[in-house]
Each structure stands twice: as C-alpha cells, then as structure tokens.
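Welcome, and thanks for taking a look at this one with me. Here are some notes to read alongside the model.

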Amino acid sequence: MLDLKFIRENPQSVKEGIAKKGEVDRVDEVLNLDTKRREIIQRVEVLKGRRNTVSAEVGKLKREGKDAGAIIAEIDGVKNQIKQYDDELSQIETDLNKLLLTIPNIPHPDVPVGKTPEDNKEVSRWGEIVENDFEMKQHWDLVQKLDIIDFERGVKVTGAGFPIYKEKGAKLQRALINFFLDEAATRGYKEIQPPLMINTASATGTGQLPDKEDLMYTIPRDEFFMVPTAEVPVTNIFRDEILSEQQLPIKFCAYTPCFRREAGSYGKDVRGLNRLHQFDKVELVKFVHPEKSYDELESLREDAERLLQLLGLPYRVLLMCTGDMGFTQTKKYDLEVWAPAQKRWLEVSSISNFESFQARRMNIRYKPTGGGKPEIIHTLNGSGLALPRVVAALLEQYQTPEGKVIVPKALHKYTGFEVIG
RNA sequence: GGAGAGGUGGGUGAGUGGCUUAAACCAGCGGUUUGCUAAACCGCCGUACGGGGUCAACUUGUACCGAGAGUUCAAAUCUCUCCCUCUCCGCCA
C-alpha cells in the first residue's frame, strides 16, 4: 500500500499512476475519509486531554483525603462524547484502511504507458532462433514418447494440471532445481526452505489478499493457503521487524512447488507444460535500501538471464507496460524463452520492484547507521526460474530427429546423463 | 486432542488500580578521557497519528504493554472473549 501522507501530498501523481495502470481511482474517497478522520482526531484528543487532567486531579484529591464528587460529575458528559467520537473514528479508520489496500502502486516514470501485452517493450534478445531441417515434435508429444511425464495419470491422482514426472523427467526437474539454487548461491543469495502453507497475514503482506484470493488453494479449516509462489513466505520472513542498515541488501533464494488455481484459464496455452496448477520454481527475493532498489532490479534481471544463457536457451526481455504489470509493482521485466516447436515465447521469469509497497504492508524497516528513525525498506523479487516452461523450451530446443533430447552441458553434473531417450 | 505456564520499547526483563513520564540492564547514537584500540564516566535514545511553527535539527497533544470488548473519575495492572508461543502428556513421520 502507499503511504497515506504521500497520497495526501501528491494526489495528482497518484491519480495519474492509477490511470496509467487502468485501475479504479478511489483517491478522492481516501482524501475525504482522511480529512474527516483528522477533524475527529483533533476534537476527541482535546476531550481526552481534559479527561486525563481531571483524573489526575481526582487522584490528588483522594490522596489528600478530600472529596472529588463534584469534578467526577462534571466529567461524565465528556466521557459520552469521547465514546461517540471514538466509535465514529474506528469506523472511519476501518474504511480508510480497506480503501488504502485498493490503491495500486504507481508505476516508475520509465515504464511505457499501455494497456495490453502488445504495449510491452522488448528491451533485449539473447541467442539465435534456428530453424531445424526436420519436423520438430511438440514437447507434450516428446514427453509421452520418452515416457518422462505422465499427464493422464496426474489427472487420475489429482486433476488436470498436476503432471507426474517420471525417471529422467523427474531427474531433470531435480537437476534444474539444484542448478538454479547453486547458481543463485554464487551470486550471493542465501538458500531458504520456507513453509509451503501461509497464513492470511502473510498473504496480505505481499498483496495476494484481499482481492487475489481466487488464485490460491485454501485450507479453510486452519485458515491457510498453499503457497502460490515462494515470494510470499520468503518476503514475510521479516514482517514487523527492524533490520540494521549494514545488513542490506539481504538476498534469499528458495525452491518451492507453487500452487495456483488458475481459475478462468482455458484455451490453447494450457497444453502440456505451458500452464499448470502445481509447478516448481526457484524464487529470488531481495530486501534493499530504498535508494538502491532500481540498481538491484537490474542486477536481479541479470542474475535470472544468466541462467537461460548457461542453458543455451534463446530468450527475450520485456519491460512490461503500465497496464500489464500488476497491482503491486512499480517496474517489471518478464523473461520469455523461445519454444521452437510451438514457435512462441513462454514467460519463465517475472522480475519486479515493489519499492516500499509490500514492505509498508508488512512493516519491514531498517534503522539508519548514523541513528535516526527507522524507514521502510524496498523489496524485489524475480523467478530464477520457473521450471515447466524452461523444461518445455529445453525439450523442444534440444530434440534430435530421432526423437531424443540432448541435455545441455551445464546440467550434466546434475543429471548424470547426457541424453534422454 | 488433554493439562499447565506465559505474551511488556531493538533485546533481556521489573512492574497487582493514581508521584509510571513503563524501572533496570544490554545494544545503539553523541561527548569527555586516550599515542591507537579497549575500558571508564557523562548525556541522548520507542512507535504511530494529530496540532502549532522560520515545514528542518523545534514544540505540544493523543494513543499504544498479544488482539478486541467491558468495569472505573482513572487500566500494563481488574473482568470477559479471542489469537499466539512455550512446557508436559497422548498420537505420530
């Protein structure tokens, strides 16, 4: 959420940011409630001050053994007024807080203004897209022939979107996870194994709640959610804590399965590994000094890009436009890997700066080294990387005319084999 | 699941209705001393939200002792409800 004071002092730029994202503008409602709230605070605080003085007076009189009946009677009416104002105030504050959660983060000035994915800006490309002289198989056909991923039986066991990885398919998953984690470690990310269920406070902290509840699987009896991404448990590690400035930046990496309901996703792009309800991902999370967050965004992007380079998979980098980047981000890059059989780009990483938006919800601050008040830190995260689409692109890219798949060299020490099939 | 104990500023931890402005210690910041480091000593030191102001380093007020409600002129302190943590027992990978 944004700082109320910031909204009060910069209503115009907040409104512009909301318009750019195509979100509903409720700034005027916020300002209205804020004004009302401050009026009541002023009135009720005078009354409370009066009450406190009188109470002190009563205490003094009683200690001296004198009668305090007269001033006690006098303060009676004030008590009722205080109660009325307090009730009104708590109602206003409840409404105001709800409203504040509906104000999106405002985009960075560099971000292209736009509405649809077509307005995203391609900032770079890596690798060469080669046309093979044989007919490439789709990855969903390949995995069936090679018997390394079983979609049908996954449907039986759980449902659509819950594939079963087998033998070299399972080993390839494990190899990629270890490869990603080891590479992250060389870039200074400390490995975390977080809980796979989260509570409502954590889901609110990173912005999944209040209104993205539908994307998560729920455990109603215990009021938990299955993690939709490691971002949630890992970013919440420092909720309600004050870090020291010297600790920053803090960089974590975490492998978790991710569970997403993907309600309302139908159509062609759900084929094979393209869109699943359960998938594996290594997530990179950073807690940084507010002045460094845009530099940290660039280095985070480089860290994620490097993984695709080591795997030899062609990809492009998109700078997401205002309308396509989501509620909580100020600036976001997507990495899209080339799937040569499908002849399309697949998103494998989303790299975002949230500035203070999440950290304010979570109340994560740092104490400046030279003393002074704690300030809200900035948080960032990015996938490094999401597995299924990397696997899809890898299988398609490295298939041979005989229907085998060559394992990229970077993975050999993790897989223990060099060919699938 | 059963029984018990407990939740207090960044940390440890006192505080059973009003001279509490939440003690004390640690950590942190500033200073004195010192060839340097350390030690010692002195001072400062919670957060949030308001008001006033030469909008900053000033001043003033209110709230906050797990959360919420209640009793009272007055609540960290008494009452009720809820949440969480720990210990023991049971079950169990």
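In which loop does N363 lie? Keep that in mind as you browse; the first point below takes it up. Please remember throughout that this is a predicted model.

1. **N363 and its backbone.** N363 sits in the loop between α11 and β14. Its phi is positive, about 60°, although N363 is not a glycine. N363 is partly exposed, with a relative accessible area of 27%.

2. The loop between β13 (344-353) and α11 (357-362) holds E355. Here too the residue is not a glycine, yet phi is positive, at about 45°. E355 is partly exposed, and its relative accessible area is 23%.

3. β14 belongs to an open sheet of three strands, ordered β8-β14-β15, and the pairing is mixed. The edge strands, each pairing on one side only, are β8 (242-244) and β15 (375-376). Between β14 (residues 365-367) and β15 the pairing is antiparallel, over two bridges.

4. **Two cis peptide bonds.** L248 and P249 are joined by a cis peptide bond with omega of about -5°; P249 is placed in the loop between β8 and β9 (250-259). The bond from G384 to L385 is also cis, and omega is near 0°. L385, for its part, is in strand β16 (residues 378-386).

5. **Cysteines.** How many disulfides does the structure hold? The count is zero. Take C253 as an example: C253 is in no disulfide, and the nearest cysteine sulfur, that of C258, is 14 Å away. A disulfide would need the two sulfur atoms within 2.5 Å. C253 is buried, with a relative accessible area of 1%, and C321 is buried as well, at 0%.

6. **The overall layout.** To finish, step back to the whole chain. Chain A is divided into domain 1 (4-100) and domain 2 (117-420). The C-alpha centres of domain 1 and domain 2 lie 44 Å apart.

How values were computed
Residues numbered from 1 in each chain as written. Chains lettered and ligands numbered in written order. Predicted model: local features only at pLDDT ≥ 70, side-chain atom pairs only at ≥ 80, totals over all residues. Heavy atoms only, no water. Pairing = 2+ DSSP bridges. Helix = DSSP H or I, 4+ residues; strand = E, 2+ residues; numbered from the N terminus. Domains from an automatic or database assignment. Buried < 20%, exposed > 50% of the residue type's maximum accessible area, 1.4 Å probe, protein only.
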